[in-house]
Amino acid sequence: MENPCSETRGLAPTHTQVSVEPLRNKNRIMDHHEDDCRVGGDHHGKQDGEEAVARLEEFKKSMEAKMALRRTNLNPERPDSGFLRTLDSSIKRNTAVIKKLKQINEEQREGLMDDLRGVNLSKFVSEAVTAICDAKLKTSDIQAAVQICSLLHQRYKDFSPSLIQGLLKVFFPGKSGDELDLDRNLKAMKKRSTLKLLLELYFVGVVEDSGIFINIIKDLTSIEHLKDRDTTQTNLSLLASFARQGRIFLGFPLSGQEIHEEFFKGLNITADHKKIFRKAFHTYYDAAAELLQAEHTSLRQMEHENAKILNAKGELSDENVSSYEKLRKSYDHLYRGVSSLAEALDMQPPVMPEDGHTTRVTSGEDVSSPAAKESSALEAVWDDEDTRAFYECLPDLRAFVPAVLLGEAEPKVNEQSAKTQEQPTDLAPEADQSQSVTQDAAEISVDSCSPREGRSNEKGKDKEEKEKEKSKDPDKEKGKERDADRKGENEKEKLKGLEGTNLDGLLQRLPGCVSRDLIDQLTVDFCYLNSKSNRKRLVRALFNVPRTSLELLPYYSRMVATLSTCMKDVSSMLLQLLEEEFNFLINKKDQMNIETKIRNIRFLGELCKFRIAPAGLVFSCLKACLDDFTHHNIDVACNLLETCGRFLYRSPETTVRMANMLEILMRLKNVKNLDPRHSTLVENAYYLCKPPERSARVSKVRPPLHQYIRKLLFSDLDKSSIEHVLRQLRKLPWSECEPYLLKCFMKVHRGKYGQIHLIASLTSGLSRYHDDFAVSVVDEVLEEIRLGLELNDYGMQQRRIAHMRFLGELYNYEHVDSSVIFDTLYLILAFGHETAEQDVLDPPEDCFRIRMVITLLETCGHYFDRGSSKRKLDRFLIHFQRYILSKGALPLDIEFDLQVSL
């Protein structure tokens with residue numbers, strides 16, 4: 001294929017250049033057929049207007065170029081022997097070109113095709129075929145290989161048959177020892193790239209017989225291969241790739257582009273072949289789904305048995321854990337493969353039945369335990385909503401920090417190099433494929449829009465001039481490169497220094513993060529300094545928390561839990577350090593460093609509540625302390641239980657094991673002669689995890705009418721609804737409800753203090769229709785005030801203050817006159833004062849009566865500002881001052897209230 005940008009060879013016939021010209025001007029137009037089929041559907045939702053039209057035109061041009069290449073390959077005009085004699089036929093030159101064929105890639109495609117045009121490979125066709133078959137092609141190199149194979153097919157008649165035979169040997173290797181010893185992964189990658197190459201060669205006409213794919217698919221869908229799990233994974237991946245790329249073979253509907261119909265008209269795929277393909281695929285899928293179901297059943301049974309062992313022994317043997325992990329890994333791989341194949345076949349992925357007995361060994365679940373069900377049903381894991389939010393509602397770092405800083409995506413600079421690497425599976429999303437197709441189409445449009453012949457000569461001259469200048473000044477260029485390298489190194493060192501400075505400042509802020517918002521903000525800030533070395537420094541700083549700063553442990557643990565969602569090594573490094581420190585301290589068996597031991601075990605407990613430290617690790621630490629239940633081990637065990645004991649006891653998956661541990665703890669306390677401090681520690685830890693059972697509080701059953709009265713007075717009553725409440729109270733059957741209504745009016749202390757005046761207003765409103773009710777209310781209030789003076793119970797103080805406020809509001813609504821108020825004030829000062837019972841009724845240090853007087857005067861005292869009422873008030877204030885002086889020094893709050901009120 002002639003490069004328009006290079007010098008044309010005068011000896012090459014015209015038909016050789018024209019045959020490959022459409023493919024040359026379109027860079028990478030030979031994308032996977034699966035991409036071609038989906039571009040038509042994807043561009044509608046992504047672009048609109050002129051961009052959508054331009055993209056559609058580019059796509060049509062690429063398909064037209066593909067069809068042109070197919071027509072040329074189906075009817076090649078191969079050069080005669082005379083022309084081939086004019087080319088280089090030397091062994092040295094041909095051997096060098098054949099070696100290049102073993103390293104086909106997109107970057108070397110142009111140079112390799114120029115070399116192939118200049119040599120005569122008539123006697124080396126078999127060697128060229130062997131080199132192409134042995135080449136390690138990546139997904140991005142398939143199109144370059146298709147162009148090279150098209151060029152050789154158009155020039156040498158015996159190339160295509162030999163190439164097909166060589167490529168088929170990848171799928172049918174025979175029994176040679178070399179093939180059997182190949183690494184399975186390399187073998188699977190080779191099959192994948194070869195199958196893609198064969199499909200692309202079939203689409204462009206190099207391979208004309210579709211029957212070869214029938215043999216390949218029949219071999220891949222053989223039921224015997226299901227016995228070998230690795231082979232099954234490989235075959236599922238290959239079949240999914242074939243189904244996506246070769247939808248036409250299966251008779252699946254394509255996108256509604258007319259260009260597709262024109263392209264696929266020339267493909268020699270009969271209806272019988274399509275039936276064979278569909279039958280083979282669906283038969284194999286059904287068999288794989290049955291295998292998946294059987295493996296799921298085996299996994300579920302093993303999980304159930306492991307859960308029983310965990311309940312009985314508290315741990316699993318290494319053999320059980322390894323066998324479970326092996327089966328789990330095998331099931332996960334098989335499920336992904338079957339789901340990928342189902343998606344490629346336009347089918348729903350298989351849905352495995354859920355079972356309440358299934359569990360994960362690593363988490364130690366035991367949902368089947370009745371004790372666990374009772375515990376989870378009766379008690380929540382967390383005491384309140386704030387605690388639950390602290391330990392479970394972690395910030396999503398992906399919403400605050402770019403993915404590049406979290407290590408989940410490579411920078412854009414490395415995107416191109418990453419695309420050239422071979423992917424392990426063919427499960428790439430359709431969106432990525434469509435994007436690559438549209439990018440290729442854009443490149444095609446740029447190349448095709450430029451004039452071909454005129455610019456090729458100009459570009460060739462420019463290249464020659466640049467090469468001459470480079471040859472003249474090699475030393476200058478080397479010097480510039482060295483200077484650039486030095487500048488880059490200096491910039492990197494500066495960036496490292498700035499990063500280290502920023503990290504030091506961040507670590508200095510760490511001990512001051514004593515709230516959820518502060519630690520979350522610090523976590524986000526660290527993500528902008530994320531690197532492997534910085535993560536190690538952070539883990540070391542978290543591990544070295546001061547042994548007396550135990551209040552920081554929950555916040556440090558929250559930071560680790562938040563970072564572990566994106567940086568798995570942070571939690572693993574910290575857990576390793578804590579576990580090593582615990583083992584060192586527990587094995588040392590000395591009575592030193594108790595604060596360090598407590599800090600270590602509490603850190604593990606906090607990480608357990610964030611589900612970072614596995615429950616098995618915590619139980620192993622607790623068991624180590626119980627095995628040697630003396631001295632510091634008692635403190636360590638009790639601190640562990642105080643930190644995460646209740647969490648583990650209330651968690652359904654660990655409640656049985658924690659209950660067993662608590663029983664062992666109490667038995668050890670009863671057997672051993674512990675000192676009072678340790679005995680108290682053990683009891684506190686035990687009852688903190690497992691509080692003593694209490695009888696449920698029996699709620700009082702009230703008649704519906706009484707419930708309605710309480711709702712009106714204690715729930716609905718406010719300034720806006722007082723008229724409505726009054727009307728509803730008037731509608732009640734008065735003879736039946738009056739006693740209970742009076743009782744509710746006396747419970748003003750049960751409602752809001754600021755709404756006592758509303759109760760007085762209701763009393764005033766009801767007195768217009770029921771005079772006796774208002775009198776009863778006043779009598780009951782005065783009786784309650786006297787009862788409070790007689791009992792002088794500390795628990796009644798709130799109630800007594802409310803009644804004083806109620807009495808003042810009743811005066812405001814003119815239900816009592818001033819004489820009642822002053823009699824009550826004098827009663828408060830004189831009752832029991834300076835009598836034999838003063839120490840009980842009114843002790844010298846008790847200033848509560850002063851507060852009662854202040855409350856009553858604040859409520860209604862502003863009305864005593866003139867006339868006889870003012871004179872009565874002045875006279876009372878003299879007695880009140882004498883009473884205050886008898887109390888000695890007053891508390892600051894009482895003194896302040898006196899200054900404000902009087």
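F714 is partly exposed, its relative accessible area being 27%. The value lies in the partly exposed class because a residue counts as buried under 20% and as exposed over 50%. The structure described here is a predicted model.

F714 belongs to helix α34, which covers residues 704-716. Apart from its neighbours within four places in sequence, F714 is in contact with C744, K747 and G751. The C-alpha atoms of F714 and V748 are separated by 9.0 Å, and these two residues stand 34 residues apart along the chain.

## Overall composition

The protein contains 44 helices and 0 strands. Of its 902 residues, 46% count as buried. Where contacts in the protein link residues at least 6 apart in sequence, 79% of these contacts join residues at least 24 apart.

Helix α27 spans residues 553-563 and is mostly covered, with 11 of its 11 residues buried.

For α19, the geometry can be stated in detail: the axes of α19 and α27 come within 9 Å and cross at roughly 45°. That angle makes α19 oblique to α27. At this crossing, A389, F390 and Y391 in α19 meet P554, Y555 and R558 in α27.

## The crossing of α37 and α39

Helix α37 (residues 756-767) and helix α39 (residues 797-812) have axes that come within 9 Å and cross at roughly 45°. The two helices are therefore oblique to each other. The crossing in which α37 passes α39 is right-handed.

Which residues of the two helices meet? On the α37 side they are I756, H757, I759, A760 and T763, and on the α39 side A802, R805, F806, E809 and L810.

## Aromatic rings and charged groups

A pair of aromatic rings is described by the distance of the centres and the angle of the planes. In this model, the count comes to 20 aromatic pairs. One aromatic cluster is formed by Y202, F203, F213, F242, F277 and F281.

Arginine side chains also sit over aromatic rings. The charged end of R599 sits over the ring of F543, at 5.6 Å from the ring centre. The charged end of R730 is placed over the ring of Y769, 4.0 Å from its centre.

## Residues with positive phi

D346 is not a glycine, yet its phi is positive, at about 60°. D346 is located in the loop between α17 (318-344) and α18 (370-378).

H631 likewise is a residue other than glycine with a positive phi, near 50°. The loop that holds H631 runs between α30 (615-627) and α31 (632-650). Is H631 buried or partly exposed? H631 has a relative accessible area of 49% and is therefore partly exposed.

Technical notes. Residues numbered from 1 in each chain as written. Predicted model: local features only at pLDDT ≥ 70, side-chain atom pairs only at ≥ 80, totals over all residues. Heavy atoms only, no water. Buried < 20%, exposed > 50% of the residue type's maximum accessible area, 1.4 Å probe, protein only. Helix = DSSP H or I, 4+ residues; strand = E, 2+ residues; numbered from the N terminus. Contact = heavy atoms within 4.5 Å. Phe/Tyr/Trp six-rings, centres within 6.5 Å; stacked < 30°, edge-to-face > 60°. Lys NZ or Arg CZ within 6 Å of the ring centre and 35° of its normal. Axes fitted to C-alpha atoms, helices over the stretch in contact; angles between N-to-C directions. Parallel < 35°, antiparallel > 145°, perpendicular 65-115°, else oblique. Left-handed = near helix turned anticlockwise from the far one by under 90°.
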